[in-house]
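Hello,

I am passing a structure on to you, and below it you will find some notes on what turned up. Please have a look at it first and then read on.

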Amino acid sequence: QVQLVESGGGLVQAGGSLRLSCAASVNILSISVMGWYRQAPGKQRELVAAITQGGRTNYADSVKGRFTISRDNAKNTVYLQIDNLKPEDTAVYSCNARPLDGSVYWGQGTQVTVSS
């Protein structure tokens with residue numbers, strides 16, 4: 001069982017920055033892939049960034065150059081740095097963990113609201 005707790009969301013003006021955190025209850029090096037998803041009102045949930053056990057990262061085209069995923073293995077925490085925020089980034093951002101056994105875990109989500 002993996003518990004994920006997100007934090008760092010909030011209300012920010014367009015052009016600002018936020019850093020989201022996802023704290024895991026297990027050693028994140030045991031998790032194959034950790035990712036950040038977002039879901040805006042009326043839209044499907046989408047993957048915005050992911051980081052593999054080996055440290056490889058990938059990003060949705062819509063966020064490349066503005067979002068950075070990273071991790072602190074000692075703190076079992078994955079971060080999502082969001083720069084140059086745009087109103088269309090407004091969404092609930094959720095952390096996702098996929099251990100090697102094929103299970104999937106989700107955090108409760110954190111709201112990001114960007115005002116124009």
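Is Asp89 buried or exposed? Asp89 is buried, with a relative accessible area of 0%; here buried means under 20% relative accessible area and exposed means over 50%, with partly exposed in between, using a 1.4 Å probe and protein chains only.

Before going further, some background. This is a predicted model, in which local features need pLDDT of at least 70 and side-chain atom pairs count only at pLDDT 80 or more, while totals for chains, interfaces and linings use all residues. Residues are numbered from 1 along each chain as its sequence is written, and side-chain values use heavy atoms, with hydrogens and water left out.

Now to the strands. Helices (H or I, at least four residues) and strands (E, at least two) are DSSP runs, numbered from the N terminus, and two strands pair if DSSP finds at least two bridges between them. Strand E4 covers residues 31-39 and pairs with strand E9, residues 91-99, in the antiparallel sense over eight bridges. Within that pairing, Trp36 has Cys95 in E9 as its bridge partner.

Next, the charged side chains. The structure holds four salt bridges, a salt bridge being a side-chain nitrogen of Lys or Arg within 4 Å of a carboxyl oxygen of Asp or Glu. One of them joins Asp89 to Arg38, with the closest N and O atoms 2.9 Å apart. Asp89 lies in the loop between strand E8 (77-82) and E9 and Arg38 in E4, so this pair ties together parts that are 51 residues apart in sequence. Arg38 counts as buried too, at 7% relative accessibility.

Asp89 also forms a salt bridge with Arg66, where the closest N and O atoms are 2.7 Å apart. Because Arg66 sits in the loop between strand E6 (57-59) and strand E7 (67-72), and Asp89 in the loop between E8 and E9, the pair links parts 23 residues apart in sequence. Salt bridges that share partners join Arg38, Glu46, Arg66 and Asp89 into one network.

Lys64 and Asp61 form another salt bridge, with the closest N and O atoms 3.1 Å apart. Lys64 is exposed, at 52% relative accessible area, and Asp61 is exposed at 64%.

Best wishes
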